[in-house]
Amino acid sequence: MPGTYHILPANARYTKVRVPCYETGRFHRHKFCEVERAIALCGATVEGGREDGCNIIIADPNWDKDWCHKCVGMVPWVESAREIWQERHGIETTNIEDWEKAARPEV
């Protein structure tokens with residue numbers, strides 16, 4: 001699945017995790033470093049800061065990023081945003097009406 005720039009949920013929290021530190025030098029004389037991790041909409045772990053993803057609240061299809069197609073496809077977009085996703089990035093998205101129908105199946 002193309003894309004390395006993920007979308008995080010609105011309530012995403014970065015957690016610090018201790019991992020082995022393989023860097024050397026004056027300021028890396030320790031065995032462990034702390035990295036930040038968060039879970040993206042697609043389930044992938046975004047690690048090492050905020051360079052590999054953004055929160056859904058600020059995600060913008062006009063940004064020139066290598067977007068994760070699965071993350072983008074999991075969000076209902078307004079028609080103007082859907083057109084940008086398709087034209088600029090070649091990503092098929094769900095409109096709000098279809099997303100609501102899928103969330104509330106007829107009984």
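Before anything else, my rule for elements: helices (H or I, at least four residues) and strands (E, at least two) are DSSP runs, numbered from the N terminus. By that rule Arg-82 lies in helix α2.

Ground rules. This is a predicted model, so I note that local features need pLDDT of at least 70, side-chain atom pairs count only at pLDDT 80 or more, and totals for chains, interfaces and linings use all residues. Residues are numbered from 1 along each chain as its sequence is written, and side-chain values use heavy atoms, with hydrogens and water left out.

Entry 1, overall layout. I get three helices and seven strands for the protein. Reading from the N terminus, the order of elements is β-β-β-β-β-α-β-α-β-α.

Entry 2, salt bridges. I take a salt bridge to be a side-chain nitrogen of Lys or Arg within 4 Å of a carboxyl oxygen of Asp or Glu. How many does a search of the whole structure find? It finds two.

Arg-37 bridges to Glu-47, with the closest N and O atoms 2.5 Å apart. This pair links distant parts of the chain: Arg-37 sits in strand β3 (residues 32-39) and Glu-47 in strand β4 (residues 45-47), 10 residues apart. For burial I use relative accessible area: buried is under 20%, exposed is over 50%, and partly exposed is in between (1.4 Å probe, protein chains only). Arg-37 comes out partly exposed at 27%, and Glu-47 is partly exposed too, at 37%.

Glu-79 and Arg-82 form a salt bridge at 3.3 Å, N to O. Both lie in helix α2 (residues 79-89), three residues apart, about one turn of the helix.

I count a contact when heavy atoms are within 4.5 Å. What does Arg-82 touch once I leave aside its neighbours within four places in sequence? I find Trp-77, Thr-93, Thr-94 and Asn-95.

Of the 107 residues, 31% count as buried. I also looked at contacts between residues at least 6 apart in sequence: 49% of them join residues at least 24 apart. The accessible surface (Shrake-Rupley method, 1.4 Å probe; for residues, only the protein chains shown count as cover) comes to about 7600 Å², and 51% of that belongs to carbon and sulfur atoms.
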